[in-house]
Amino acid sequence: MLSKILSKSECASCKFCCSFRRKSLWETPIFTKTEVEKIQNNREEYCMLAAEKFNTICVLKGHNTVVSDGNDVYINKTGNSSLAKAGSGDVLTGVISGFAAQGYTLFQSAVLGVYLHGLCGEIASQDLTEYSVLASDLLKYIPFGIKNLM
């Protein structure tokens, strides 16, 4: 499953980092002291900058969530507006933590996590509509997302 997703990311190397931070576009200016519009126009650069500055994995949530360890960048193509709900980021954190607990590096875990999280949002919205999906609904679709990847 990991190679299937990472092969799409053009990631040459993955390193282990001590932590990860998931931030929405609106939270990132606090860490980078940059205007939201500037970050929005260059999400990859600012995600890398935050990851490098704090020696961590940065997950910059939003349309095409960006993941970086300061060296490599992954741009996620899964997901839809069903994920723009309260608690969705907490589900994402749990998914990432689950992959980390299985022994993946934190960068790999974040890449896998955002991909699966987005995929679960897509699958859930087919049943419930993008508007109707709640964060708690995403949990029920994780097995279907994993099955879809295999």
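Residues are numbered from 1 along each chain as its sequence is written. Because the model is predicted, local features need pLDDT of at least 70 and side-chain atom pairs pLDDT 80 or more, while totals for chains, interfaces and linings use all residues; side-chain values use heavy atoms, without hydrogens or water.

**Exercise 1.** Find where Asn-76 sits, and work out whether Asn-76 is buried or exposed.

*Solution.* Start with the elements: helices (H or I, at least four residues) and strands (E, at least two) are DSSP runs, numbered from the N terminus. Asn-76 lies in the loop between strand 4 (73-75) and helix 5 (88-101). Next, check accessibility: buried means under 20% relative accessible area, exposed over 50%, and partly exposed in between (1.4 Å probe, protein chains only). Asn-76 comes out at 2%, so Asn-76 is buried. Leaving out residues up to four places away in sequence, Asn-76 touches Asn-64, Thr-65, Val-114 and Tyr-115 (contact means heavy atoms within 4.5 Å).

**Exercise 2.** Describe helix 7, its span and its kink.

*Solution.* Helix 7 (residues 135-149) has 15 residues. The expected span is 1.5 Å times one less than the number of residues. Helix 7 reaches 21 Å from its first C-alpha to its last, close to the 21 Å expected. Now look for the kink: about 45 degrees at Tyr-141, shortly before Pro-143 (the bend is the angle between axes fitted to the seven residues ending there and the seven starting there). Tyr-141 is buried, at 10% relative accessibility.

**Exercise 3.** Classify the two aromatic pairs in the structure.

*Solution.* Rings of Phe, Tyr and Trp (its six-membered ring) pair if their centres lie within 6.5 Å; planes under 30 degrees apart are stacked, over 60 edge-to-face, and the rest tilted. Phe-99 and Tyr-104 have centres 5.9 Å apart and planes at 75 degrees, which makes an edge-to-face pair. Tyr-141 and Phe-144 also pair, with 5.9 Å between centres and 50 degrees between planes: tilted. These two sit three residues apart in helix 7, so about one helical turn separates Tyr-141 and Phe-144.
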